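Keep the sequence and the model open side by side while reading.

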Amino acid sequence: MKEKVSCKEVMRYVCECMAQDISSERCIALKEHLESCEHCKQYFKSVELTIDCYRKYNVELPENAHKKLMNFLNLPDE
Amino acid sequence: MMEHKNSQRTRTVNNLSASYVAEESKLIDLAKGGDRKALAQLVKNYEQTIYNFAFKICRHRDKAENITQETFYSMVKNINQFDNKSKLSTWLYRIVANHCLMLARKEKNRQFVSIDNDDSLYDEKYIADYSRLPTKYTENKELKKILDDAISKLSPDYRMIFLLRDVEGLSTEETAEASELSISAVKSRLHRARAFLRNEITRAFER
């Protein structure tokens, strides 16, 4: 018999298993729910988007900070 | 379906080519023998990654600069203890993470949200429209502030796991190694941090 899952379980699953390989019966049931439920699909996308926002938010090491670092370490900067 | 695509920068550090790994291995051997040029090259190869990571943890440029100096000072001092069993990048993430956590512990007056046992993170009320995020989102100052505010509420322990695993693109095993936590502790912190940040950002855009 197929396992039934709730949206809440899918939310937890999305956060727990996003980068995992899923092959268990439970995970397959969760995945099926995810594919057929618009709300959960949207939730999944929103978690992905959140991660993506943080990935794209980067800062550059300023040139003077690089020079200070090499001086501090007493290393040649050629 | 479930795997995230790594950013270009993360790929550069974590999916290195065989020739790069061989070159780095040579540099490490030379550095262990006291070659200052080799040490300098190792610093140059990783300074951007380490500074960027330190900034993402402490959200402050001057602090990130100091942490970067401390991290490379530790690398130069302890390079002979690096055993080549893990990647140099994982070893450096471990050092920088420790320095970030030490700094955070000194700032005792900071208050963070506790999400250790918070099941309401998964409340269905958080399923909401998420289409309000602007397309060029990281160019947007308002969004940067929202991202800073949301992650600043998380304790540095959670922040570190989220950043190592999801943002820097380390594997769960490497994240466990860099953070000196068990794999199950990494997974538990990771899913809570993801849910928390996602809810915070959604809420900010509902305002």
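This is a predicted model: local features need pLDDT of at least 70, side-chain atom pairs count only at pLDDT 80 or more; totals for chains, interfaces and linings use all residues.

Helix α4 (residues 63-73) of chain A and α4(B) have axes that come within 10 Å and cross at roughly 35 degrees. Helices here are DSSP runs of H or I with at least four residues, strands are runs of E with at least two, and both are numbered from the N terminus. Axes are lines fitted to C-alpha atoms, for helices over the stretch in contact, and angles run from 0 to 180 degrees between N-to-C directions. The crossing of α4(A) and α4(B) is right-handed, that is, the near helix is turned clockwise from the far one by less than a right angle. On the chain A side the contact is made by A:Ala65, A:Leu69, A:Phe72 and A:Leu73, and on the chain B side by B:Glu65, B:Thr68, B:Gln69, B:Phe72, B:Tyr73 and B:Val76; two residues are in contact if their C-beta atoms, placed from the backbone, lie within 7 Å.

Residues are numbered from 1 along each chain as its sequence is written, and chains are lettered from A and ligands numbered from 1 in the order in which they are written.

The largest nonpolar core has 50 residues, and B:Ala54 and B:Val96 have the most contacts inside it. Such a core is a set of buried Ala, Val, Leu, Ile, Met, Phe, Trp, Tyr and Cys residues joined through C-beta atoms within 7 Å. A residue is buried if 20 or more other C-beta atoms lie within 10 Å of its own, exposed if 12 or fewer, and partly exposed in between. Among the helices of chain B that each supply at least two residues are α3 (36-58), α5 (88-106) and α9 (183-206); α3(B) gives the most, with 12 residues. Domain 1 (14-110) and domain 2 (112-207) of chain B both contribute, so the core lies between them; the domain bounds come from an automatic or database domain assignment.

Beyond its neighbours within four places in sequence, B:Ala54 is in contact with B:Ala64, B:Ile67, B:Thr68, B:Val96 and B:Cys100. Another core, of 7 residues, lies apart from the largest one and includes A:Leu30 and A:Phe44.

Helix α8 (residues 172-179) of chain B is mostly covered, with 6 of its 8 residues buried. Just after α8(B), B:Glu180 takes a positive phi of about 55 degrees.
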